[in-house]
Amino acid sequence: MDQAKELRNLINKGQNLNLKNNLNSRVITISSGKGGVGKSSFSVNLAIYLASLKKRVLIIDADFGLANIEVLLGIRPKYNFYSMIKGEKNISEIVTETDYNIKFISGGNGLRELSTINSAEIRYFIEQFEYLDKIADIIIIDTGAGIAPSVTSFLMASDENIIVTTPEPTSFTDAYTLIKIIKEQNKNIDKINVVINKADDKYEADRTIAKISYVCSKFLGVNVKNIGHIPLDTASIKAIKQQRPAILSFPESDYSRAIKSIGDVLLDKSPVDNNTGIKSFMQKLVHIFNR
Ligand SMILES: Nc1ncnc2c1ncn2[C@@H]1O[C@H](COP(=O)(O)OP(=O)(O)O)[C@@H](O)[C@H]1O
Ligand SMILES: [Mg+2]
């Protein structure tokens with residue numbers, strides 16, 4: 001079958017999907033300056049907690065190549081964004097159900113392919129995302145660590161960001177550098193959510209937040225919002241070894257309680273009606289990638 005015909009077939013398939021609910025999803029991008037800070041475990045446990053509160057949650061693994069989330073969720077999806085960009089699958093076919101009542105999409109090898117497709121294909125690609133706006137209330141995107149465009153462009157395209165850092169100086173200075181780069185590329189960003197993970201105690205978490213807030217406000221004019229801290233807790237490590245998310249295997253641990261509290265903060269501040277949604281996110285992302 002030629003490619004154009006294949007695309008038309010896929011578009012038709014998409015139109016036949018019987019979907020209700022016109023609200024956009026709330027897209028939350030989770031990033032860090034440095035790797036190993038606990039970003040993927042946080043994303044997964046947060047997602048499962050939000051799902052337990054009857055939210056329809058989807059996680060997108062955009063930490064290209066590493067596939068952390070798949071390991072944490074114990075799944076091996078057959079398809080990813082690449083299958084969709086190539087026109088082999090439509091978006092509903094790249095969504096994987098998990099045992100934890102959350103849905104998952106693998107980013108695959110990255111969105112580099114997006115720069116190799118033509119504008120009609122890009123339009124088709126973006127249109128597909130409307131499906132996700134219909135099946136998910138909340139979409140959590142776990143990006144890679146660092147300051148590469150594959151991280152910063154996701155942060156810039158997103159309405160809502162969470163930067164995870166530990167109290168280690170190398171981790172929070174990298175978080176600062178990441179925030180600085182986002183601010184340089186998008187002057188409109190004036191607020192960023194930060195989670196301190198692996199803190200010895202509340203005192204250490206507060207001190208770390210105070211330092212980041214100070215430099216971000218003084219040098220970048222960015223207001224850092226502390227949405228909670230997560231203590232250093234072996235429950236997180238044990239859960240990963242058991243391959244069952246901490247929020248389920250150790251629900252009463254300090255780690256899980258902290259995640260729940262952050263989830264509650266996020267839901268409390270949710271302005272449900274003004275989410276711009278994942279389709280709009282993808283539009284912005286593609287624009288950033290191609291400029
Ligand atoms: N609060 C915590 N306390 C103790 N260990 C943690 C905590 N959060 C994460 N970890 C551990 O840190 C390691 C890296 O976590 P991961 O989520 O893969 O990080 P990232 O996605 O940022 O690279 C894992 O072994 C995880 O169990
Ligand atoms: Mg990770």
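A residue is called buried if 20 or more other C-beta atoms lie within 10 Å of its own, exposed if 12 or fewer, and partly exposed in between, with C-beta atoms placed from the backbone. The model is predicted: local features need pLDDT of at least 70 and side-chain atom pairs count only at pLDDT 80 or more, while totals for chains, interfaces and linings use all residues. Residues are numbered from 1 along each chain as its sequence is written, and chains are lettered from A and ligands numbered from 1 in the order in which they are written.

**View 1. Strand E6 and its two partners.** Helices (H or I, at least four residues) and strands (E, at least two) are DSSP runs numbered from the N terminus. In strand E6 (residues 160-165), 5 of the 6 residues are buried, so the strand is largely enclosed by the rest of the structure. Strands pair if DSSP finds at least two bridges between them. E6 runs parallel to strand E1 (residues 26-32), joined by 4 bridges, and parallel to strand E7 (residues 191-199), again through 4 bridges. Ile162 of E6 is the bridge partner of Ile30, and Asn193 in E7 is the bridge partner of Ile162. From E6 the chain crosses through helix H8 (residues 169-185) to E7 in a right-handed β-α-β crossover; right-handed means that, with the strands pointing away from the viewer, the path from the first strand over the helix to the second runs clockwise.

View 2. The 8 strands form an open sheet with mixed pairing, in the order E3-E4-E2-E5-E1-E6-E7-E8. Strand E3 (96-97) and strand E8 (223-231) are the edges; each has a single partner strand, so one side of each is left without a neighbour in the sheet.

**View 3. The surroundings of ligand 1.** Around ligand 1 there are 18 residues, the closest being Gly38, Lys39, Ser40, Ser41 and Ser236; a residue is near a molecule if its C-beta atom, placed from the backbone, lies within 6 Å of it. Helix H2 (39-52), E7 and helix H10 (234-242) each supply at least two residues of this shell.

**View 4. Tyr255 in helix H12.** Tyr255 lies in helix H12 and is buried, with 28 other C-beta atoms within 10 Å. His229 is 26 residues from Tyr255 in sequence and 9.4 Å away in space, C-alpha to C-alpha. Beyond neighbours within four places in sequence, Tyr255 is in contact (C-beta atoms, placed from the backbone, within 7 Å) with residues including Ile230, Pro231, Asp233 and Ser236.

Note on methods:
Two residues are in contact if their C-beta atoms, placed from the backbone, lie within 7 Å.
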